[in-house]
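Student: I have a two-part question list for this model, and I would like to go through it step by step. Could we begin once the structure is on the screen?
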Amino acid sequence: MGKSTSLERNVKRAPGVYGWIDERLDLTAITEFACAKEVPEHKHSFWYYWGGISLFLFLTQLVSGVLLLLYFRPGADSYDSVRQITYDIDFGWLIRSAHSWSANLMVLAIFIHMFSVFFMKAYRKPREFGWWSGLVLAGLTLVFGFSGYLLPMDDLAFFATKVGLEIPRTIPVVGPFLVSLIQGGDSVSDVTIQRFFALHVVVLPLIFIGVLAFHLWLVQKHGNALPPDEELKPESERRSIPFFPNFFTKDLAMWLITLNVLAVLASLYPWQLGPQAEPASPAPDGIHPEWYFMSQFQVLKVFGKLMPGALGEAAGIIVFTVAGVMWTLIPLYDKDSARAVQARRATWFGLVVLGAFIALTIWGYADI
Amino acid sequence: MNYPVWVVPLLGTGWVVGLIAITHVPLSHFAVGGGLFLPWAERKALREGRRDWMPMLKAHSKFFLILTGVFGVATGVGIWFAIGLASPEGTSTLIHNFVFGWAIEWTFFLVELTTAAVYYYTWDRVSDELHMKIGWLYAASSILTLVIINGILSFMLTPGAAWLSVAGTGNEASKFWYAFFNPTYWPSLGLRVLICGSLAGIWALVTASRIDGYEQPELKASVIRWSSRWLIPAFMLMPVFFAWYIHQVPVEQRGLLVMGISTIGQGVFTQVTRSALITVMSSATIAAVVYFLAYRNPRDFGLGHAVAVLAMAVAATGFTEQAREMLRKPYVIGQHMFSNGIRKTPDVERLNREGYLTNSVWVRPEEKELWAKLDAARVPGAVVPAADPGSQDAQARLTRGELMVRGQCFACHTLDGYRPLRRLLAGRDREAIGNTVKMLYQYEESSPYRKYMPPLVGTEAEVACVVDYLDSLVNVPGAKKGAALAAAPTPVSAPSAGGKTK
């Protein structure tokens with residue numbers, strides 16, 4: 001038999017409007033549930049906030065994105081409408097900068113969240129689906145970033161998109177077809193903007209929200225994972241705090257700090273708009289994709305130099321694919337603390353991936 | 001003109017002052033707010049019999065003494081040293097007008113420093129009553145330093161009509177009190193007092209965060225909650241004082257603030273709006289974060305949290321000061337002296353007539369003579385002759401142009417660093433550079449530069465040399481000397497009467 005709700009238990013409710021709503025929607029049951037939920041408190045607790053920060057930045061994306069939609073005109077008018085938003089409309093620059101900066105911060109927050117989950121071994125049983133759904137969300141976020149980057153259609157956006165599309169083009173057999181499908185022809189054009197726009201504001205959000213709901217349900221179901229060194233402690237030595245109000249208020253404070261960082265970045269370094277894209281003109285010097293694609297770009301560049309032609313591209317794709325598959329399947333390899341060798345190897349693998357990502361990104365920028 | 005030009009490559013002189021100020025401003029405001037916080041907290045502890053607060057207060061007063069007495073004082077002296085070099089004309093005007101005010105401030109400052117040390121070293125050595133008196137004496141003297149310095153700082157933005165009516169006559173000191181209690185004095189004082197109170201609370205949170213919340217939960221909760229309350233007045237009253245302050249700012253300066261609402265164009269001057277936005281957003285965030293992290297969760301409030309709050313407070317304070325400084329543009333003393341030290345009246349008219357370098361005490365007489373001779377050799381109107389790049393005339397023109405640019409532009413610009421002239425002019429040919437210089441020289445009412453840049457002053461010949469020099473910077477890379485003159489000449493006509501500054 002299921003637990004009875006507070007409606008059925010005839011709980012004493014607060015007076016006034018809240019009490020009236022509570023009586024009908026049973027909000028007390030939610031708060032009771034939240035108060036009963038515990039969040040572990042230890043020296044690594046800081047990393048628990050990054051999932052929430054990623055979520056907050058996604059919400060910021062939604063709100064600022066809807067505001068941009070009021071003035072943005074996809075297609076041939078893209079550039080003009082973004083110019084208007086940036087230079088004519090009151091606080092248009094702020095909304096656009098907040099949208100662009102929060103996109104970058106969201107990618108960063110998701111990366112931090114993903115690596116912290118990895119090193120805290122939070123992918124182990126029963127959290128495997130949490131890990132996989134998180135990876136899907138990370139992948140979708142990168143596609144969000146890529147599809148949004150083209151929309152202003154200035155020269156940087158145009159050529160960076162062209163460069164970025166070179167990565168999927170290298171996928172054997174389906175690559176060229178896929179790229180042609182995405183860009184709506186042989187080259188990046190107004191049609192590409194329309195397609196990227198539809199992807200960016202309709203298709204991706206729908207998929208993302210669905211996967212996000214599943215991910216959050218899993219987090220709720222399994223709770224926060226303890227890092228291995230905390231797991232070793234006896235139950236009596238472990239500390240925890242109630243999710244509500246303690247963790248919730250701290251989470252809110254972290255969201256506010258994130259908002260403040262976003263506000264400072266958007267105000268200090270507002271997103272500029274370059275000259276309108278001229279597809280016929282040569283690409284400006286040093287064109288490169290956004291920072292989160294830089295490591296892949298650099299790998300392709302290096303393999304291209306070592307093995308010119310299709311061989312280099314194939315080698316690059318093989319490296320990505322193998323690393324991606326290993327990264328995805330890690331919960332099936334490192335299953336629990338009892339298998340120390342696997343646990344150690346998984347940690348080393350994570351360190352190599354993190355180190356390679358950082359080193360290749362820095363190398364990529366130095367190599368421009 | 002009257003003083004040598006201080007050139008700081010890449011950084012610029014403004015940022016030297018700015019970097020020192022970023023450290024000094026939060027510390028000096030903490031010195032005032034913390035001075036009030038300590039005796040007040042001690043009084044509360046004594047009245048409520050909370051002896052357990054005393055070790056924390058003693059630790060806080062030591063931290064306070066080191067921070068304000070060492071770093072606050074050193075950076076304060078550093079600011080004076082730096083502004084004397086960066087803006088000697090402006091500093092000289094302030095000293096001539098406020099020497100009496102400064103003498104008073106220094107008296108309070110000496111009392112403040114002494115009592116701060118005495119307060120710390122007499123913990124547990126004198127009676128509670130006497131210790132409290134020392135604390136209150138410190139609080140009073142530190143607030144009075146703020147009361148004085150605020151008059152001088154706010155004067156720089158809004159000297160007021162009374163003082164402006166005697167500015168440049170030599171009788172400026174006769175309007176001392178008008179200048180001191182200028183239009184932005186009271187709102188500015190209110191804002192600063194509120195900031196001082198907030199910073200006092202925030203710095204106290206830093207000290208209190210180090211109390212072990214599991215060992216002494218009650219002590220930590222009581223100190224943190226009481227310290228958090230120090231932010232409430234600022235949260236409630238700051239919008240009121242801010243609105244009052246903005247209302248008192250001259251319309252021209254307010255225009256600069258409004259400009260950045262719709263655009264991020266117009267160079268870095270829309271930064272004023274963005275800095276003001278950061279102030280507003282950070283202040284609101286601080287209040288909310290302190291509530292959620294400290295007030296609601298005092299036991300778990302750690303040093304990392306406190307440092308995060310402090311970082312936001314430093315950012316908010318820093319950007320407030322930056323917005324205030326930029327709001328003054330194009331002046332260093334509102335409506336009186338431009339940011340490059342040139343007075344609106346009578347300097348602009350006189351220097352346009354007699355020449356900028358002609359009036360400089362740092363140019364050798366023989367050079368002045370040579371330049372006058374070279375100018376006289378030219379046909380009037382044909383300002384820039386196509387000369388042999390290697391000729392004495394060409395070299396002299398570049399030298400004069402460089403001296404003009406150093407004297408009139410380097411207060412805000414550098415060649416390749418902050419607000420870099422080379423990059424700002426990049427892509428412009430000689431004609432376009434000539435047009436920009438012309439706009440600055442003629443300084444018409446419709447000129448977009450009027451909002452934030454001083455007029456360029458000097459004779460037509462001197463201004464033409466500026467074009468030569470700037471053109472040589474941008475269009476002849478690696479061959480600065482001489483070659484620029486091979487380009488087509490650009491006539492620069494004198495400002496019309498209507499285009500002069502008023």
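Student: Which residues have the most contacts inside the largest nonpolar core?

Tutor: They are Ala200(B), Val289(B), Val309(B), Val437(B), Val466(B) and Leu470(B), in a core of 180 residues. A nonpolar core is a set of buried Ala, Val, Leu, Ile, Met, Phe, Trp, Tyr and Cys residues joined through C-beta atoms within 7 Å. A residue is buried if 20 or more other C-beta atoms lie within 10 Å of its own, exposed if 12 or fewer, and partly exposed in between, with C-beta atoms placed from the backbone. This is a predicted model, in which local features need pLDDT of at least 70 and side-chain atom pairs count only at pLDDT 80 or more, while totals for chains, interfaces and linings use all residues. Residues are numbered from 1 along each chain as its sequence is written, and chains are lettered from A and ligands numbered from 1 in the order in which they are written.

Student: What other core lies apart from it?

Tutor: Another core has seven residues, among them Ala21(B), Ala82(B), Ile83(B) and Ala86(B). In soluble globular proteins, nonpolar side chains tend to be buried together.

Student: Back to Ala200(B): which residues is it in contact with, leaving aside neighbours within four places in sequence?

Tutor: Ala200(B) is in contact with Phe30(B), Gly33(B), Gly34(B), Leu36(B), Phe37(B) and Trp230(B). Two residues are in contact if their C-beta atoms, placed from the backbone, lie within 7 Å.

Student: Now chain B overall. How many helices and strands are there?

Tutor: Chain B has 18 helices and two strands. Its C-alpha trace spans about 90 × 45 × 35 Å along the principal axes. Of its 502 residues, 48% count as buried. Among contacts in chain B with a separation of 6 or more, 77% are between residues 24 or more positions apart.

Student: What domains does the assignment give for chain B?

Tutor: The assignment gives domain 1 (13–338) and domain 2 (347–499); such bounds come from an automatic or database domain assignment. The centres of these two domains of chain B, taken over C-alpha atoms, are separated by 42 Å. Their contact takes 12 residues from domain 1 of chain B and eight residues from domain 2 of chain B. On the domain 1 side, α1 (13–47) and α10 (251–262) of chain B each supply at least two residues. By class, that side has seven nonpolar, four polar and one charged residues. Here Ala, Val, Leu, Ile, Met, Phe, Trp, Tyr, Cys and Pro count as nonpolar, Asp, Glu, Lys and Arg as charged, and the others, Gly among them, as polar.

Student: And between the chains: how many residues does each give to the contact?

Tutor: Chain B gives 20 residues and chain A gives 22 residues. On the chain B side, α11(B) gives the most, with 10 residues. The classes on that side are 12 nonpolar, six polar and two charged residues.

Student: Changing topic, what is the average pLDDT of chain A?

Tutor: Chain A averages 90, and 97% of the residues score at least 70; pLDDT is the predictor's confidence in each residue, from 0 to 100. In chain A, confidence is lowest in helix α7 (residues 155–169), at a mean of 86, and highest in helix α3 (residues 49–69), at 97.

Student: Is Thr258(A) buried or exposed, and why?

Tutor: Thr258(A) is buried because 22 other C-beta atoms lie within 10 Å. Thr258(A) is found in helix α11 (residues 243–268) of chain A. Leaving aside neighbours within four places in sequence, Thr258(A) is in contact with Ile53(A), Phe56(A) and Leu57(A).

Student: Where does Pro289(A) lie?

Tutor: Pro289(A) lies in the loop between α11 and α12 (294–306) of chain A. Pro289(A) is buried, as 23 other C-beta atoms lie within 10 Å. Beyond neighbours within four places in sequence, the contacts of Pro289(A) are Ala160(A), Val163(A), Gly164(A), Met294(A) and Phe297(A).

Terms used. Helix = DSSP H or I, 4+ residues; strand = E, 2+ residues; numbered from the N terminus.
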